[in-house]
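Biologist: Hi! Could you walk me through this one? I'm new to it.
Modeller: Happy to; here it is.

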Amino acid sequence: MHMSDGLLNAPVSVVFLVIAAVGVGFALVKARADLDDRTAPMAGLVATFIFAVQMINFPILPGASGHLLGGALAAILVGPYVGALCVTIVLVVQALLFADGGLTALGANVTNMALIGTAAGFLVAVALRKVAERGKGGLAAVAFTSAFVNTLVAATGFVVEYAIGGVGGVEIGKVALLMWGLHALIGIGEGLITAVTVTSVAAIRPDLVHLLKGSRKPLEVRS
Amino acid sequence: MKKFFIGFAVVSLLIAGVLSYFASGDPDGLDKTVEDTGIAEHAQEHPLSDTVFADYAVGGDDAFTGLAGILGVVVVLALSFGLFWFLRKRTNV
């Protein structure tokens, strides 16, 4: 879902660069509270895993594919602020090292995939936390649902950006229909990958699943 | 604890280094949308498209996608681990 440069006009690209910078700055400030000697390495590995899995485009229709975005996955495992930073790092490395995703488009790409997708996925996960605490099936269902919503919200981000400042004058309804239709399918893949990943981590190290924090014995508080 | 982290890193290396060869080459949902609507005609060439690892290849050769993937894993791990380790609450000091 990495857009190239040139799809949005320059002023709107700049506006989203500013929005992304403010959002990432906010996440940087808020992330501290969720990072300690145990969760910091975990967060690094979550970012790394998202980068790796994003390389794997899976087929959804003849002639079309999709890949993980990872916002909900990251938010469930390491919290929304650290999660947003994980996806941001991935997008920056992809744009600068692999020429994947435009440079002036980076603000819009970060806004869609790292900020609003992650936030939406996390809000769904928190709303369904009681279900997630019921066991493996519940956690899988919550991970799937939040990842599916994450994908659709991120896709909607592009629709909104194109409506505000898209180049080419294509009717927005056409763009929206294609984006939502394709991403409803991609969201199923996102949901499955997220469910498998989150339940695998929970099976080995439930203490490293941010969403489940507090559902077990309280963590030791060090002064 | 260490075992889990090493395992997680190895899984990422295998996905980026090996599984990446089996990824679909078809356009993703956004690319498909902009191609089918003609918006893609306005897409600009990436300013870094001539750099050595552009498009997850090495010097334009897709045979090295796995190598590019492994490099990406190492770079993302170093950057993210560095950032998160720097940002963490230092409770043990």
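**How the two chains meet**

Modeller: Chain A and chain B bury about 5,600 Å² between them, and 73% of that comes from carbon and sulfur atoms. Buried area is the accessible area (1.4 Å probe) that two parts lose on being put together, summed over both.

Biologist: Which residues of chain A lose the most area to chain B?
Modeller: They are A:Leu45, A:Met55 and A:Phe98, which together make up 12% of what that side buries.

Biologist: Before we go on, what kind of model is this?
Modeller: It is a predicted model, where local features need pLDDT of at least 70 and side-chain atom pairs count only at pLDDT 80 or more, while totals for chains, interfaces and linings use all residues. Residues are numbered from 1 along each chain as its sequence is written, chains are lettered from A and ligands numbered from 1 in the order in which they are written, and side-chain values use heavy atoms, with hydrogens and water left out.

Biologist: And how many residues are in contact?
Modeller: 70 residues of chain A are in contact with 59 residues of chain B; contact means heavy atoms within 4.5 Å.

Biologist: How many polar contacts cross over?
Modeller: The rule finds 15 residue pairs in polar contact across the interface of chain A and chain B, both residues at pLDDT 80 or more. A polar contact is a pair of N or O atoms within 3.5 Å; within protein, one must be able to donate a hydrogen and the other to accept it, and residues adjacent in sequence count only if both atoms are side-chain atoms.

Biologist: Which part of chain A supplies the largest share of the side that touches chain B?
Modeller: Helix 2 of chain A does, with 13 residues. Helices (H or I, at least four residues) and strands (E, at least two) are DSSP runs, numbered from the N terminus.

Biologist: How do the residues on that side divide up?
Modeller: On the side of chain A that touches chain B, 46 are nonpolar, 16 polar and eight charged. Here Ala, Val, Leu, Ile, Met, Phe, Trp, Tyr, Cys and Pro count as nonpolar, Asp, Glu, Lys and Arg as charged, and the others, Gly among them, as polar.

Biologist: Last one: how confident is the predictor in chain A?
Modeller: The mean pLDDT of chain A is 95, and 96% of its residues reach 70 or more; pLDDT is the predictor's confidence in each residue, from 0 to 100. Over residues 217-223 of chain A, though, pLDDT stays under 50.
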